Amino acid sequence: MMNAEQILKFSPGYRLQWEEAQQKFVILYPEGMVELNQSSAEILKLCDGSNNLSAIVTELEAKFATSGLEADISQFLKVALQNGWIQYA
Amino acid sequence: MAGSNTPNITPPRWLLAELSYKCPLQCPYCSNPLDYARYPQELSTEDWKRVLSQARKMGAVQLGFSGGEPLTRQDLPELVAYARELGYYSNLITSGYGLSEEKILELKNAGLDHIQVSIQASSADLSDHLAGTESYAHKLQVAQWVKQHGYPMVLCVVLHRQNIHQMPEILAMAETLGADYLELANTQYYGWAHVNRDQLLPTREQFVEAEKIAQAYKEKVGNKMKIYYVVPDYYEDRPKACMNGWGTTFLTIAPDGTALPCHSARELPGLDCPNVKDYSIEAIWNESKAFNFFRGTEWMQEPCRSCDEKHKDFGGCRCQAFLFNADAASTDPVCSKSPHRDRVDAVIASAAVSAEHVDEKPLVFRNSRNSKNYL
């Protein structure tokens, strides 16, 4: 289960970065790289050590003038946590 | 701007910067060329900065500072800082020899992302013997500093017949050191490893046993320590997808500025590998003979040409095809479809015989004196 209250941040050694040549965001880590689609990148940009799940949902729903994003965001963050890209601050 | 690359040629993503062939260690499986003593010239700091900046502009993002021992370069912190400024994710691939806590901090402040420390074995006597240098105790200390200073700790152990029996102890050592990543790299038989192959190639039984132990451990530790296992391809029946395909992803720059499609490509005849002192990275990557030599599938012979797996493994490794078949365009003989698979099997049999002998011939260590024998 996702903890909705705890703040999320990038794990040490993982870096989120815009790649001009690829025109996309990527996650960089030892010996590897993950290319991100736009929605994944939008979520991960907010895992900056100041937001929790609720804050991320609120911010993205406002940004894209929509609602009901929580299930998808939570699902994606669970995968990101499992992969070790991000962690609870 | 994303449009500056030539169509149908993917831009480089990984850049391996071999800063120097100098190394205080003498590992008998070193991937540097046997005749490295032929190339004592090293690029200047300005040359390296130009290379970094040109490759980055094309899209290279993963950067390995390697060698030899990259710490022998006094300008390493300067190059690390420059690479960070350009947006590289940079890795120092080091023996740890000569690395102090101050240097680790200096490199961290310069923006180095991670350090990969190699250890030769799980015991001091064997590790020092293989390294040809007393270095084990210091390596353990370096691994602890790397961890203490907040780097992801990547531990690399090259596996072969002299240390593969230590697999349980190697795994335990990595866990004790708090490794975040453990690279268990079965020796690839090029360069110095090729010369020492009879003494280094594990028997099939040893390999199967070691892999089983590593696999069980991997399941036990899960995500806490990520294990990369580089398979010994002689025991596979399909070749490795070498370099992810020639001239698609990887770019190696040797200490003297020679640009190589893979770090062993210097062994291949007829490539005329270009030098960064004469050409830009873009011209080298897109237009040079060397980087186009084995691009795509047009160069392939049978059985690769009509094989439905040719887009999966690209015919395997060109250097291996050359070493076994004296023809770099032939099918990697590791493949069971190769008409020369028997040559790999003969090597496996020969190593197994050698393993039975107590008076094996001695290892040829990687040093300048021995390298001069190959000039």
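Residues are numbered from 1 along each chain as its sequence is written, and chains are lettered from A in the order in which they are written. Because the model is predicted, local features need pLDDT of at least 70 and side-chain atom pairs count only at pLDDT 80 or more, while totals for chains, interfaces and linings use all residues.

**Chain B as a whole**

The secondary structure of chain B comprises 15 helices and nine strands. Helices (H or I, at least four residues) and strands (E, at least two) are DSSP runs, numbered from the N terminus. The table lists overall values for chain B.

| Property of chain B | Value |
|---|---|
| Radius of gyration | 20 Å |
| Box filled by the C-alpha atoms, along the principal axes | roughly 55 × 55 × 45 Å |

The radius of gyration is taken over C-alpha atoms, and the globule rule is 2.2 Å times the number of residues to the power 0.38. For 375 residues a compact globule would have a value near 21 Å, so the 20 Å of chain B agrees.

Buried residues make up 50% of chain B. A residue is buried if 20 or more other C-beta atoms lie within 10 Å of its own, exposed if 12 or fewer, and partly exposed in between, with C-beta atoms placed from the backbone.

**The nonpolar core**

A nonpolar core is a set of buried Ala, Val, Leu, Ile, Met, Phe, Trp, Tyr and Cys residues joined through C-beta atoms within 7 Å. The largest one has 123 residues, and B:Val146, B:Leu155 and B:Ala174 have the most contacts inside it. Strand β5 (residues 153-159) of chain B gives this core its largest share, seven residues. Two residues are in contact if their C-beta atoms, placed from the backbone, lie within 7 Å. Beyond its neighbours within four places in sequence, B:Ala174 is in contact with B:Leu155, B:Ala179, B:Leu182 and B:Met225.

**A loop residue**

B:Glu360 lies in the loop between α14 (341-356) and α15 (368-371) of chain B. This residue is partly exposed, because 13 other C-beta atoms lie within 10 Å.

**Chain A and its contact with chain B**

In chain A, β2 (residues 15-19) and β3 (residues 24-29) pair in the antiparallel sense over five bridges; pairing requires that DSSP finds at least two bridges between two strands. Between the chains, 13 residues of chain A are in contact with 18 residues of chain B. Strand β2 of chain A gives the most to the side of chain A that touches chain B, with three residues.
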